[in-house]
Amino acid sequence: MTGVAVDFGLSLGVGRADLERLYSAAMFHDIGKARIPLAILDKPGRLDPEERAVVETHPVSGYDFLKDHHGISPEIRDAVRHHHEYLDGSGYPDALAGGSINDIVRVLTISDIFAALIEYRHYKPTMPRTQAYEILCGMTGKLEKALVSSFKAVALTR
Ligand SMILES: [Fe+2]
């Protein structure tokens, strides 16, 4: 996912400082999953509501974990906490909406969803890039439309 996020950042022409933030946020975004049992993380198929609730603790776990790490800026911690938020307020953990979700987070979220779909996991098959991009396009109201359009080149040209 880090490669996808950096490619997306480069294609958007973000400056060096933001590109570095994006890289670090992408590196650390799921670090809170270290506290989740593998039986849940690697479970094939759908999670039940309790398992889902456990998985959804990972952004806050990651945010708390990075609190003690000097060199991790507030923007990066913020991105780790909010990479599962959606513009329509339906995400987690804080149900942020619209303007409360900053640009780095928006870029990170799109990259994360796409990477999770196309990357191989032993509990799920990979998905062709065209199909994964169609899923992003179908997430109306949740992702920034203009950013999803900009992402097309990254999604389909590699
Ligand atoms: Fe995550």
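Reader: Which residues of helix 6 are called buried, and what does that word require?

Author: In helix 6, which spans residues 74-82, the buried residues are Ile76, Arg77, Ala79, Val80, Arg81 and His82. A residue is called buried if 20 or more other C-beta atoms lie within 10 Å of its own, exposed if 12 or fewer do, and partly exposed in between, with the C-beta atoms placed from the backbone. The cover over the buried residues of helix 6 includes helix 2, helix 5 (58-66) and helix 7. Please keep in mind that this is a predicted model, in which local features need pLDDT of at least 70 and side-chain atom pairs count only at pLDDT 80 or more, while totals for chains, interfaces and linings use all residues. Residues are numbered from 1 along each chain as its sequence is written.

Reader: Why is alanine 26 called buried?

Author: Alanine 26 has 27 other C-beta atoms within 10 Å, and because the definition asks for 20 or more, it counts as buried. Alanine 26 belongs to helix 2, and, leaving out residues up to four places away in sequence, it touches Met1, Thr2, Ala5, Leu108 and Ser111, where a contact means that the C-beta atoms, placed from the backbone, lie within 7 Å. Alanine 26 and isoleucine 76 are 50 residues apart in sequence, with their C-alpha atoms 8.9 Å apart in space.

Reader: What makes glutamate 51 partly exposed?

Author: Glutamate 51, which is found in helix 4 (residues 49-55), has 16 other C-beta atoms within 10 Å, and because that value falls between 12 and 20, it is partly exposed. Neighbours within four places in sequence aside, glutamate 51 is in contact with Ile40 and Lys43.

Reader: How do you know that the buried residues of helix 1 are on the same side?

Author: The buried residues of helix 1 (residues 2-12) are Val4, Ala5, Phe8 and Gly9. They cover an arc of only 135° around the axis, which puts them on the same side of helix 1; the arc is that of the directions from the helix axis to the C-beta atoms. These buried residues pack against helix 2 (16-28), helix 7 (103-118) and helix 9.

Reader: Why is helix 8 called roughly antiparallel to helix 9?

Author: Helix 8 (residues 129-137) and helix 9 (residues 145-156) pack at an angle of about 170°, with their axes 10 Å apart. That makes helix 8 roughly antiparallel to helix 9, because angles over 145 degrees count as roughly antiparallel, under 35 as roughly parallel, 65 to 115 as roughly perpendicular and the rest as oblique. Among the residues that meet are Tyr133 and Leu136 in helix 8 and Val148 and Phe151 in helix 9.

Reader: What makes the protein as compact as a globular protein of its length?

Author: The protein has 9 helices and 0 strands, these being DSSP runs numbered from the N terminus, of at least four residues (H or I) for helices and at least two (E) for strands. Its radius of gyration, taken over C-alpha atoms, is 15 Å, close to the 15 Å that the globule rule gives for 158 residues, so it is as compact as a globular protein of that length. The rule itself is 2.2 Å times the number of residues to the power 0.38.

Methods
Axes fitted to C-alpha atoms, helices over the stretch in contact; angles between N-to-C directions. Contact = placed C-beta atoms within 7 Å.
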